Amino acid sequence: MLVTGGNRGIGLAIALAFQANGDQVAVTSRSGQAPEGLFAVQADVTDADSVDRAFAEVEAAQGPVEVLVANAGITQDQLLLRMSEEDFTSVIDTNLTGAFRVLKRASKGMIRKKKGRVVLISSVVGLMGSPGQINYASSKAGLVGMARSLTRELGSRNITANVVAPGYIDTEMTQGLDEDLQKQYKAQIPAGRFAEPSEVADVVRWLASDEASYISGAVIPVDGGLGMGH
Ligand code: NDP
């Protein structure tokens, strides 16, 4: 299996959950580094050639990628009137087009192997919306259309594609928020807390398992109830 941005945060927790399950794991990071014990390759998801090289390296070491987790993502928050086109396109390029690049590259091996599991890491914000995140929410909502179209295109080839939509997870991305804002967010979450990255990772691992073989095109929230009804 391969997880983009598997060197830290949610991606790292996903990689470790698969590794603990006995699976062969490869992670990408922009530096090519990852915590010890993980097979890491360098990739920038905004660059198709870089993605292609990373997959070639993983395939040479581990064979075709059967499970793809498109996790790499960034935020660049700004209110609409102040958001530059560059703020918008750079987030789309990483979060949405980046997922397209890795998906396209991974699908070749999955079609040949007649087996594939794709999990796209979206966000509760993709369906609920969020002020200051028009770029991010658009990119995350786009992943839903991507997984569902893939399901219609390749569903008959034993390939599933699902979306996991985390709420607030305790990672560098959320640790960057100021404390008052964190308190405000926690007050809106029925569970009353942020999640540990491993709580997302376990759901991703399950979606890639045989137990979830007939689930495709689904959006699975892991948000402590924050997005209920969306
Ligand atoms: P982090 O900021 O902790 O990590 C982001 C990861 O994405 C890093 O591994 C980073 O790699 C990688 N990345 C960023 N840009 C690129 C790029 N151009 N090419 C390749 N890799 C890239 O984020 P989280 O772990 O918090 O988030 C992971 C995913 O989960 C994201 O898609 C995020 O949107 C989503 N999410 C997070 C939530 C949260 O509360 N934390 C909530 C909902 C969704 P590098 O180390 O090389 O920079």
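This report walks through the fold of a single chain, from its overall build down to a few individual residues. Keep in mind that the model is predicted.

**Overall build**

Let's start with the big picture. The chain has 8 helices and 7 strands. Its radius of gyration is 17 Å, close to the 17 Å that the globule rule gives for 230 residues, so the chain is as compact as a globular protein of that length. Along the principal axes, the C-alpha atoms fill a box of roughly 50 × 35 × 35 Å. As for burial, 44% of the 230 residues count as buried.

Strands of a sheet pair through backbone hydrogen bonds, either parallel or antiparallel. Here 7 strands make an open sheet with parallel pairing, in the order β3-β2-β1-β4-β5-β6-β7. At the edges you'll find β3 (39-42) and β7 (219-222); each has a single partner strand, so one side of each is left without a neighbour in the sheet. From one strand to the next, the twist averages 20°.

For a look at one pairing, take β1 (residues 2-4) and β4 (residues 67-70), which run parallel and share 2 bridges. Leu 2 sits opposite Leu 68 of β4. Helix α1 (residues 9-20) packs on the sheet, touching β1, β2 (26-29), β4, β5 and β6 (159-166), and its direction makes about 170° with that of β1. Helix α2 (residues 48-62), for its part, lies across β1, β2 and β3 and runs at about 150° to β3.

In soluble globular proteins, nonpolar side chains tend to be buried together. The largest nonpolar core in this chain holds 64 residues, and those touching the most other members are Ile 14, Leu 68, Val 69, Val 200 and Val 204. Which helix or strand gives the most to this core? That would be α1, with 8 residues.

Ile 14 is worth a stop. Leaving out residues up to four places away in sequence, Ile 14 touches Val 3, Gly 6, Val 69, Asn 71, Ala 201 and Val 204. Two of those contacts, Val 69 and Val 204, are also among the core residues that touch the most other members.

Now for some loops. Ser 123 lies between β5 (116-121) and α4 (124-128). Is Ser 123 buried or exposed? Ser 123 counts as buried because it has 29 C-beta neighbours inside 10 Å, and 20 or more is what burial takes. Not counting residues up to four places away in sequence, Ser 123 touches Lys 140, Ala 165 and Pro 166. Gly 6 is 117 residues from Ser 123 in sequence, and the two are 17 Å apart in space, C-alpha to C-alpha.

Lys 114 is in the loop between α3 (85-113) and β5, while Asn 158 is in the loop between α5 (134-154) and β6.

| Residue | C-beta neighbours inside 10 Å | Class |
|---|---|---|
| Ser 123 | 29 neighbours | buried |
| Asn 158 | 14 neighbours | partly exposed |
| Lys 114 | 9 neighbours | exposed |

Methods: Residues are numbered from 1 along each chain as its sequence is written. This is a predicted model: local features need pLDDT of at least 70, side-chain atom pairs count only at pLDDT 80 or more; totals for chains, interfaces and linings use all residues. Helices (H or I, at least four residues) and strands (E, at least two) are DSSP runs, numbered from the N terminus. A residue is buried if 20 or more other C-beta atoms lie within 10 Å of its own, exposed if 12 or fewer, and partly exposed in between; C-beta atoms are placed from the backbone. Two residues are in contact if their C-beta atoms, placed from the backbone, lie within 7 Å. The radius of gyration is taken over C-alpha atoms; the globule rule is 2.2 Å times the number of residues to the power 0.38. Two strands pair if DSSP finds at least two bridges between them. Axes are lines fitted to C-alpha atoms, for helices over the stretch in contact, and angles run from 0 to 180 degrees between N-to-C directions. A nonpolar core is a set of buried Ala, Val, Leu, Ile, Met, Phe, Trp, Tyr and Cys residues joined through C-beta atoms within 7 Å.
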